[in-house]
Amino acid sequence: MQRLAKWQLLVGLATVILLAVGLWMSLAAPLDFQQGNSVRILYAHVPSAKMSLLIYLFVTGASIAFLWKKSETADILAEAAVPVGAAFSAVTLASGSIWGKPMWGAWWAWDARLTSMLVLLIIYVGLMALRNAFDDQGKAARATAVLAIIGAIDLPIIHYSVTWWRTLHQPASFDGPGKISVQGPLLTPLLVMSAAFILLGIYLVLLNARVVATRRRVESLEDEEAWNHG
Amino acid sequence: MVDGTPTPDYTPYVMAVYGLAALVYGGLTLLGHWRLKGLKQRLDDFGHDRRERSDDNSGDT
Amino acid sequence: MTTPETPDTQETTPMTSNRKRWLMVGSLVAVLGALGLLVFTSFTDALVYFFTPTEIQDQSAKMADRKIRIGGMVQEGSLKRTSGTLQIRFLITDGQKDIPVFYDGVLPDLFREGQGVVAEGVWKPGETFIATTILAKHSEDYIPIEMSEEGIAKSKKSLLDSLK
């Protein structure tokens, strides 16, 4: 626990520094030839979107590890990561919406990308609710892990939605090493912000993992107490 | 803009997004620390209770 | 267990277990329902957000007189405004075929000739697509304003490629 706290502090410091640099670069980025300064919304939107997918990938891995190896650590990490992923996907949807209104002319469109991203948020919230729906911690962990693994079907759908179907959302700007459609001075802030958000994700998952682990210890002590006194 | 019309200023939209992101991610961080602090306090309280009890009747678990 | 505690537990337990059962059913229905619907519709055409001008011209009768979306590029030099009104007429093209569009209303900021557009409305075969909503479609290109010339050419190409 103590070592985890130290790591978390280090990651936290690095996150703050990188976020500050990224924010400064984002606000200094040149105007886009079409979107003017609304292109700066991209620097919060794209890294949030990437993180909501990455965190889900992590939750899926942790869920498999839990069911397979019966590792409680994996379950704690899965539980800790879900609300973080939910926050990332909520910000993705909201920031996209705020960009969409002036650019597309609509807050929302039921196209494949937006719809599959909304489904991801529903899955995250559903996983949080399902875990709270059991009195027994072990049952909650197993049910949540199974549902999380089923939900992973949404990941390829989100990723390929802009390729498989015609969408209002633009196609991927990074499509293999040969195709990067974000030009130099607009790209650098995006890379810095992406790195910052990866650290932010790690920080929030570590922090939440400590909360979950501590809460479980308190709960087991309380149960013991109730048992001894009852 | 490309067709000669002046580029509209989208600063309010940009600020709304950055503000929202700061609120959500900052809020999540603060919430985490606040809950951790509360839980650690309860964990400490248990420690005290235990020591007091084991003083009362040593030999009990 | 001591007697004073008993009524307390009897009162709260059914409440919480009811709430928990509701939470369990609710979260399963929401997640599996949303996911199932998404996976199911991904095998249909429902997730295709718009038709191209070629598709509409080729299946004109099938597309007629119902609410559909058409997407493509605003044909350069085709945009005509009626002065004193918000009415516009323009052609949507996918590089092969085009469809004349009529619209009366406010346009999004990104709407312009040579750029992506999605129009929602009704196709009157042989005549015009009467649009009730116009959305601008952005390409995946992000290019600084100093490189506008290059940007216009590039985004045009990306857009037409994506419609093939």
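So, the second largest cavity: Gln34(A) lines it together with Leu110(C), Gln115(C), Gly116(C), Ala136(C), Lys137(C) and His138(C). By cavity I mean a set of points on a 1 Å grid over the protein atoms alone where a 1.4 Å probe fits but cannot get out, and lining residues have an atom within 4 Å of a point. Its volume is about 40 Å³, taken as the space filled by probe spheres set on the points, which are joined across faces, edges and corners. The lining splits into two nonpolar, four polar and one charged; Ala, Val, Leu, Ile, Met, Phe, Trp, Tyr, Cys and Pro count as nonpolar, Asp, Glu, Lys and Arg as charged, and the others, Gly among them, as polar.

Before I go on, this is a predicted model, where local features need pLDDT of at least 70, side-chain atom pairs count only at pLDDT 80 or more, and totals for chains, interfaces and linings use all residues. Residues are numbered from 1 along each chain as its sequence is written, chains are lettered from A and ligands numbered from 1 in the order written, and side-chain values use heavy atoms, with hydrogens and water left out.

How many cavities of 30 Å³ or more does the whole structure have? Two. Of its 13 lining residues, the closest to the centre are Ser63(A), Ala78(A), Arg131(A), Thr144(A) and Ala145(A). Here the lining comes out as eight nonpolar, two polar and three charged.

Key. On a 1 Å grid over the protein atoms alone, a cavity is a set of points where a 1.4 Å probe fits but cannot get out, and a pocket is an open set with protein on both sides within 12 Å along at least five of seven lines; lining residues have an atom within 4 Å of a point.
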